[in-house]
Amino acid sequence: MFKKYDVIVVGAGHAGCEAAAAAANLGSSVLLITMNMATIAQMSCNPAMGGVAKGQIVREIDAMGGYSGIVADKSTIQFRMLNLSKGPAMWSPRTQNDRMRFAEEWRLMLERTPNVDFWQDTVKELLIKGDKVAGVKTSLGIEIESSAVVLTNGTFLNGIIHIGEKKFGGGRTAEKAATGLTEQLVEAGFEAGRMKTGTPPRVDGRSLDYTQMEEQWGDEARGQFSFTDVEKTKEQKCCWITYTNSAVHETLKEGFEKSPMFTGRIKGLGPRYCPSIEDKINRFAERERHQIFVEPEGWNTVEIYVNGFSTSLPEDVQYRALTKIPGFENAKMFRPGYAIEYDYFPPTQLSLTLETKLIKNLFFAGQINGTTGYEEAASQGFIAGINAHQKINDLHELIMKRSESYIGVLIDDLVTKGTEEPYRMFTSRAEHRLLLRQDNADIRLSPIAYKLGLINEERIQKVNDKIKNSDIIVKYLKSTSIEPSEVNTMLEELGTAPLTQNVKMFQLLTRPQVNITNLRNTDSKLDDLLNKFDKYTVEQAEIKVKYESYFEKELDIVNKMKRMEDQEINPEFNYQTLVSLSKEAREKLMKIKPRTLGQASRISGVSPSDVSVLMVHLGR
């Protein structure tokens with residue numbers, strides 16, 4: 001029935017879909033195997049994409065030719081750019097999405113992608129020949145050969161769902177768990193662990209009283225994730241905000257004795273930054289209320305996602321507590337919240353390409369690596385798909401640097417430091433976040449994608465035009481003076497000091513109170529110039545002006561670190577021979593096998609003096 005494929009992708013969640021698309025778009029023949037063709041790219045939890053740091057990741061995937069940004073834009077019901085009151089390094093796009101349309105758009109895009117085939121089945125076993133993966137064996141007993149395999153199993157590996165004292169096997173509600181793979185990999189020498197995540201109840205929107213809640217609308221000037229021209233709706237749906245109270249908390253506490261979290265039935269660690277509601281009221285007992293986001297699941301459904309109320313308490317306790325939230329007094333629950341435990345493999349067992357160290361041509365991506373979130377999973381799948389193709393074709397591997405992308409930060413953190421709890425990306429994890437903004441993801445990464453063959457000439461030309469045209473605007477601002485009489489009234493209205501002499505527009509724009517719209521209103525030539533370009537080019541020029549000196553300092557730091565990041569280390573090097581290294585450093589270095597001196601310096605347990613020893617040795 002099956003030919004030998006170049007790449008088999010196991011699992012069709014966010015990681016699996018991006019992996020399949022990336023490998024196929026590079027020219028590999030791909031088989032995407034999923035347990036259920038009806039749940040391809042399902043948003044298992046929150047029907048939303050992006051957010052702080054996560055939005056930057058989606059922009060990066062799109063800048064390199066991935067699909068997540070396009071699918072998110074096509075299924076958006078509300079768009080918001082978060083943190084606009086802060087600097088551009090913190091600006092983070094986020095969409096509320098139509099859950100059903102999101103999955104439909106992903107499937108349609110995959111079906112339109114040449115080289116992608118589909119098979120509905122469960123992978124029970126890997127085919128391994130020597131030290132290399134050779135394909136998969138399914139629950140139907142079918143053996144399918146391939147040159148590479150990407151595992152993106154999500155929460156399905158030996159998944160157990162918990163609701164109060166009830167527990168049953170499953171990778172998602174109403175979907176069975178996957179068994180066999182963990183046991184085979186452990187037998188092959190892999191280390192495995194357990195993690196936990198959860199989801200809130202869903203309710204009937206017709207039963208809610210929205211007059212008791214705060215409205216939360218999207219941005220009037222709706223943005224988008226994709227750097228391409230995506231057709232999208234002009235309308236947006238409203239979301240709402242409400243709060244828990246002491247009555248809600250007391251009701252929830254009634255179920256604590258049956259909570260799988262507090263009784264020890266759940267062994268895996270849950271996400272620190274997205275705790276369940278019972279965990280919140282237990283850990284933050286001094287807080288009188290917690291915010292609840294009331295989010296529609298789509299354009300044509302009444303189902304509501306109760307964001308902030310993730311729980312695994314008994315369903316009757318969940319319901320009684322829900323009805324004590326303002327606006328939820330008459331709520332009808334569609335389905336209860338639950339927790340799920342699943343297997344993961346500590347990602348220190350991977351190289352920076354996401355290939356496993358023990359078995360060649362086998363790649364892991366997504367929650368199997370200990371991450372949480374659609375965006376983190378999608379970016380790993382994208383990189384794993386690329387590197388699977390590159391590896392089997394003896395092409396140069398793609399390793400993303402920390403200084404060039406959030407994706408690079410994510411993978412370096414996972415592979416170098418590992419994680420014992422679900423890993424979530426934050427802007428604070430990126431030391432060069434001023435350079436890794438959402439607005440310049442195309443400038444940073446599209447040239448890399450173009451060299452790989454993931455984006456076409458038209459897209460790279462659009463990026464080059466953005467760079468060239470924003471520089472034209474900056475040059476005008478640097479060369480054009482403005483008189484006090486032209487702007488002092490405006491400056492006083494903005495609450496900033498008036499001019500006493502002519503200054504260049506560039507200098508005036510560096511003031512935090514002044515934006516480029518203020519200046520174009522006072523200079524018709526500038527207005528005419530800006531009208532020639534799109535809003536993203538103008539935005540890029542303004543950011544360049546306001547943060548030029550900061551960018552220069554940050555780039556200087558990156559360049560100083562470049563020597564360590566570029567100093568490669570043979571992955572087969574035996575650190576035990578360097579007796580000058582501490583015992584802990586030798587153990588950690590032998591385990592991680594860093595690719596560069598920079599990566600070695602970030603390993604927990606490797607001290608600055610250990611790095612100095614390595615520098616001396618490598619210098620020889």
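Lys and Arg count as positive and Asp and Glu as negative, while His and the chain ends are not counted; the place of a charge is taken as NZ of Lys, CZ of Arg, CG of Asp or CD of Glu. With that in hand, colour the charges of the protein chain: the mean positions of its 79 positive and 82 negative charges are 2 Å apart.

This is a predicted model, in which local features need pLDDT of at least 70 and side-chain atom pairs count only at pLDDT 80 or more, while totals for chains, interfaces and linings use all residues. Residues are numbered from 1 along each chain as its sequence is written, and side-chain values use heavy atoms, with hydrogens and water left out.

**Stop 1: the whole chain**

Zoom out and show the C-alpha atoms, which fill a box of roughly 80 × 75 × 50 Å along the principal axes. Now switch to a cartoon view to find 20 helices and 22 strands. These are DSSP runs numbered from the N terminus: helices are H or I with at least four residues, strands are E with at least two.

Next, think about burial: buried means under 20% relative accessible area, exposed over 50%, and partly exposed in between, using a 1.4 Å probe and protein chains only. Of the 620 residues, 58% count as buried.

**Stop 2: strand β19**

Select residues 338–344, which form strand β19. Are these residues buried or exposed? Seven of the seven are buried. Show the side chains: Tyr 338, Ile 340, Tyr 342 and Tyr 344 point one way, and Ala 339, Glu 341 and Asp 343 point the other way.

**Stop 3: the partners of β19**

Two strands pair if DSSP finds at least two bridges between them. Click on His 162 here; its bridge partner in β19 is Ala 339.

Look for Gly 193, which stands opposite Tyr 344 of β19.

**Stop 4: Glu 235**

Move on to Glu 235, in the loop between β14 (214–216) and β15 (239–243). Why does Glu 235 count as exposed? Because its relative accessibility is 51%.

Which residues does Glu 235 touch, leaving aside neighbours within four places in sequence? Select Ile 77 and Trp 299, which are in contact with Glu 235, where contact means heavy atoms within 4.5 Å. Finally, draw a C-alpha to C-alpha distance from Glu 235 to Val 306: these two are 71 residues apart in sequence and 22 Å apart in space.
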